[in-house]
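Hi everyone, thanks for coming.

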Amino acid sequence: LFSAKESAVLGCLTAANRDYVKRQMVAMVLATDFEVHFSIINEFKGMVHVKTASPVQSLNEVATTRQSSAQSELMYFHKAPLFSSDTSSISDSEKLLILKMVLKTADLGYLSKGSEYTLTWTGRVLEEFYGQGDAEKSQGLQVSMGMDRNDTQSVSQSQLGFYKFMVLPLYEAMDLLVPLEAQRINLDLMRDHWKKKGSAQLWKKLKAPALLAGKLQNSKSKVV
């Protein structure tokens, strides 16, 4: 794509700059791999701590400090400038780390855009997973966890685990850089949605044997 004239978006750059941009892009895309999810989040949070005058103790403290410095051109945490238009204090590796976090958050951005949008895209993602599960079944392989379209009971639980262990830590960390209050509220609403759905499915599962037993008992009574 880069070599074709019609798609050579980097064609106006020097060879050195093209190489730099490509390396940055590759590093950012690889950062979306969940294998390195927590290492990147922890590295980012560590950078935030180093860049502040004192360690960030809680998100409430961040929000309070953010409100008190709302009129400033700088973003302050504990009255210490973290980022501003002057990026001379940020190393190249730190800039790349920020870009990785931005792309990771954007990659999971559909989860924080309201229930209708989120459920639509969640369905599309699940269908992609189920497609892989179908392919594994057709080859006689064991279906990967969460990719069996017949196991609908596990959807709510898997979504809850995904929100709790993967999505929320990312948004909480990114909130240290830019305000994500609205997005986090939407995440909480979706988490409540999956909790209620999971509870309803569990109740239905527990109630089914009792209903069946009642039907069998009625049948016996009619026979007698």
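**Cavity, pocket and helix packing**

By class, the lining of the largest cavity has three nonpolar, two polar and two charged residues. Here Ala, Val, Leu, Ile, Met, Phe, Trp, Tyr, Cys and Pro count as nonpolar, Asp, Glu, Lys and Arg as charged, and the others, Gly among them, as polar.

A word on the background. This is a predicted model, where local features need pLDDT of at least 70 and side-chain atom pairs count only at pLDDT 80 or more, while totals for chains, interfaces and linings use all residues. Residues are numbered from 1 along each chain as its sequence is written, and side-chain values use heavy atoms, with hydrogens and water left out.

Back to that cavity: which residues line it? They are Thr-32, Phe-34, His-37, Lys-104, Asp-107, Leu-108 and Leu-170. Its volume is about 30 Å³, and the structure holds one cavity of 30 Å³ or more. On a 1 Å grid over the protein atoms alone, a cavity is a set of points where a 1.4 Å probe fits but cannot get out, and a pocket is an open set with protein on both sides within 12 Å along at least five of seven lines; lining residues have an atom within 4 Å of a point. Grid points are joined across faces, edges and corners, and a volume is the space filled by probe spheres set on the points.

Now the largest pocket, at about 750 Å³. Its lining has 22 residues, with Phe-34, Val-125, Phe-129, Gln-159 and Phe-162 nearest the centre. Helices α5 (115–138) and α6 (153–174) are the elements giving two or more residues to that lining. Helices (H or I, at least four residues) and strands (E, at least two) are DSSP runs, numbered from the N terminus.

On to packing. Helix α2 (residues 37–51) and α4 pack at about 130 degrees, axes 10 Å apart; axes are lines fitted to C-alpha atoms, for helices over the stretch in contact, and angles run from 0 to 180 degrees between N-to-C directions. The pair is therefore oblique, since angles under 35 degrees count as roughly parallel, over 145 as roughly antiparallel, 65 to 115 as roughly perpendicular and the rest as oblique. In α2, His-37 and Phe-44 are among the residues that meet α4, whose side includes Lys-104; contact means heavy atoms within 4.5 Å.

Finally, the axes of α1 (residues 15–30) and α4 (residues 92–107) come within 9 Å and cross at roughly 50 degrees. That makes α1 oblique to α4. Thanks, all!
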